[in-house]
Amino acid sequence: MIPEIEKLLNEQVKYEAKASAQYLSMASWADTNGYNGVADFFYTQSEEERVHMIKLVKFINERSGKAIVPAIDKPRDDFKSLTDLFETFLESEEFVTAKINNIIYECLQLKDYNVHNFMQWYVAEQLEEEATARTLLDKLKIIGEDKSGHYLFDRDINTMQTTGQAN
């Protein structure tokens, strides 16, 4: 494995781990604030990011690299509202997308087409994740501070997710 690419992939492992921890923290915040549907959504998001991390770890090791399991900092847990929560979600996904795009760029520069091909799954995944985050944040902006709207959003978030409305 090209050392520069291995380094970038290991950094991506850390970003995925940080996202998983952040979404777990967001799920906990939602749980303690009575938003059970939002909590379930973020518990699922946390698990997805963990799966993304493991996929990278396995890939690095299978390609004769050495995956590094990262230490991560305590995630943010001081959210002020549902909108704040989902703004953080979108920012996190945009950050991860930028890092993945950088890996793709470096793969092309260094002609590492195998890693480039592997990373295409992450590109498609990020398109979906960002679209979901934007759609849900747009819905919250429409709702504003309406408590009954928040109740319905919380009730329906996982239905929106499974029926493809938020994808």
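I take contact to mean heavy atoms within 4.5 Å. By that rule I looked up Ser20 and found that Ser20 touches Ser46, Glu49 and Arg50, not counting residues up to four places away in sequence.

**Ground rules**

I am working with a predicted model, in which local features need pLDDT of at least 70, side-chain atom pairs count only at pLDDT 80 or more, and totals for chains, interfaces and linings use all residues. Residues are numbered from 1 along each chain as its sequence is written, and side-chain values use heavy atoms, with hydrogens and water left out.

**Entry: helix α1**

I took helices (H or I, at least four residues) and strands (E, at least two) as DSSP runs, numbered from the N terminus. Helix α1 has 30 residues and reaches 44 Å from its first C-alpha to its last. That is close to the 44 Å expected at 1.5 Å a residue, where the expected span is 1.5 Å times one less than the number of residues. After α1 comes Gly34, with a positive phi near 85 degrees.

Ser20 is found in α1. I then asked: is Ser20 buried or exposed? For this I use buried for under 20% relative accessible area, exposed for over 50%, and partly exposed for in between (1.4 Å probe, protein chains only). Ser20 counts as buried, at 11% relative accessibility.

Met26 is also placed in helix α1. Met26 is buried, with a relative accessible area of 0%. Leaving aside neighbours within four places in sequence, I found Met26 in contact with Phe42, Phe79, Leu85, Thr88 and Phe89. I also checked Met26 against Tyr105: they are 79 residues apart along the chain, and their C-alpha atoms are separated by 31 Å.

**Entry: nonpolar cores**

A nonpolar core here is a set of buried Ala, Val, Leu, Ile, Met, Phe, Trp, Tyr and Cys residues joined through side-chain atoms within 4.5 Å. The largest one has 24 residues. Which residues have the most contacts inside it? I noted Val38, Phe42, Leu85, Phe86 and Phe153. The elements giving two or more residues to this core are α1, α2 (36-62), α3, α4 (113-143) and α5 (147-162). Helix α1 gives the most, with 6 residues.

I followed one of these residues further. Leu85 touches Met26, Trp29, Val38, Phe42 and Phe79, not counting residues up to four places away in sequence.

A second, separate core of 20 residues includes Met53, Ile60, Ile103 and Val115. Val115 lies in helix α4 and counts as buried, at 0% relative accessibility. Setting aside neighbours within four places in sequence, Val115 is in contact with Met1, Ile5, Leu9, Phe59, Arg63, Ile103 and Cys107. Val115 and Lys99 are 16 residues apart in sequence and 14 Å apart in space, C-alpha to C-alpha.

Thr83 is found in helix α3. Thr83 is buried, with a relative accessible area of 16%. Apart from neighbours within four places in sequence, Thr83 is in contact with Leu137 and Leu140.

Ile72 sits in the loop between α2 and α3. Ile72 is partly exposed, with a relative accessible area of 33%. Which residues does Ile72 contact, leaving aside neighbours within four places in sequence? I listed Lys14, Ala17, Lys18 and Ala21. Ile72 and Lys14 are 58 residues apart in sequence and 7.3 Å apart in space, C-alpha to C-alpha.

**Entry: positive phi**

Most residues other than glycine have a negative phi. I noted two residues with positive values. Ser64 has a phi near 70 degrees, is found in the loop between α2 and α3, and is exposed, with a relative accessible area of 68%. Lys111 has a positive phi of about 60 degrees although it is not a glycine. Lys111 lies in the loop between α3 and α4 and is exposed, with a relative accessible area of 60%.
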